[in-house]
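Student: I have a new model to read. Can you walk me through it, feature by feature?

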Amino acid sequence: MRLLLIRHGQTPNNVVGALDTAFPGAGLTDLGRAQAAAVPASLADEDVSAVYASPLVRTQLTGTPLAQERGIEVHVREGLEEIAAGEFEMRSDRAAVEAYLGALSSWLHGDLDHALPGGSTGHEFIARYDAAVRAVAERHGRDDTVALFSHGAAIRAYATRAAGLAAEDVESMWINNTGMI
């Protein structure tokens, strides 16, 4: 299976820099809706046979234009949610954002025991996300291309480990809204 990991479109909380990781999460801004509407044209050369999204609203809204254009449904899959911000949820202050990104950096460097206050460890996140991706893979053939709409930090953490990339190469990377790995 070929897996296209795509970040959701812009949300109001992205605009203000708030750590919005809890269910159901924010919807999309006007720009976010335009970004989602552009996804089908961006993937015109891809033979996408299935669309998956996390339970958070923004991923489903982002995946819907592609699914509609292809005449398929958006499958909501538990486990594809963002890395939980824990006690930093909905905060946008520098200390909270640095702590959140610091946890991601710790995980990228192999410290999967690290957890944000009120959040999960890297082990728990990787187990959750990996189980969700494996469940998707079990439903599709080797030659299928699947679009999976998820979240920036989650995609970075998962893709880095799954592809065996060096933490130093990924730490400074950013996945723009509707960016893809």
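Student: How do helix 4 and helix 6 lie to each other, roughly parallel or roughly perpendicular?

Tutor: Start with the general idea. Two packed helices are described by the angle between their axes and the distance between the axes. Here the axes of helix 4 and helix 6 come within 10 Å and cross at roughly 10°. The two helices are therefore roughly parallel to each other. Angles under 35 degrees count as roughly parallel, over 145 as roughly antiparallel, 65 to 115 as roughly perpendicular and the rest as oblique. Axes are lines fitted to C-alpha atoms, for helices over the stretch in contact, and angles run from 0 to 180 degrees between N-to-C directions. Helices (H or I, at least four residues) and strands (E, at least two) are DSSP runs, numbered from the N terminus.

Student: What should I know about the model itself?

Tutor: It is predicted: local features need pLDDT of at least 70, side-chain atom pairs count only at pLDDT 80 or more, and totals for chains, interfaces and linings use all residues. Residues are numbered from 1 along each chain as its sequence is written, and side-chain values use heavy atoms, with hydrogens and water left out.

Student: Which residues make the contact of helix 4 with helix 6?

Tutor: Helix 4 gives Y100, L104 and L108. Helix 6 gives A153, R156, A157 and T160. Contact means heavy atoms within 4.5 Å. By class, five are nonpolar, one is polar and one is charged. Ala, Val, Leu, Ile, Met, Phe, Trp, Tyr, Cys and Pro count as nonpolar, Asp, Glu, Lys and Arg as charged, and the others, Gly among them, as polar.

Student: How does helix 5 lie to helix 6?

Tutor: The axes of helix 5 (residues 122-138) and helix 6 come within 11 Å and cross at roughly 80°. That makes helix 5 roughly perpendicular to helix 6. The residues in contact include F125 and Y129 of helix 5, and I155 and Y158 of helix 6. This contact has eight nonpolar, no polar and two charged residues.

Student: In what order do the strands of the sheet run?

Tutor: Strands of a sheet pair through backbone hydrogen bonds, either parallel or antiparallel. Here four strands form an open sheet in the order 1-4-2-3, with parallel pairing. Two strands pair if DSSP finds at least two bridges between them. Strand 1 (2-7) and strand 3 (74-76) are the edges, each pairing on one side only. Strand 2 (residues 48-53) and strand 4 (residues 145-150) share five bridges. One example is A50, whose bridge partner in strand 4 is V146.

Student: Which helix lies across strand 1, strand 2, strand 3 and strand 4?

Tutor: Helix 3 (residues 57-70) does, running at about 160° to strand 2. Helix 6 (residues 152-163) also packs on the sheet, touching strand 1 and strand 4.
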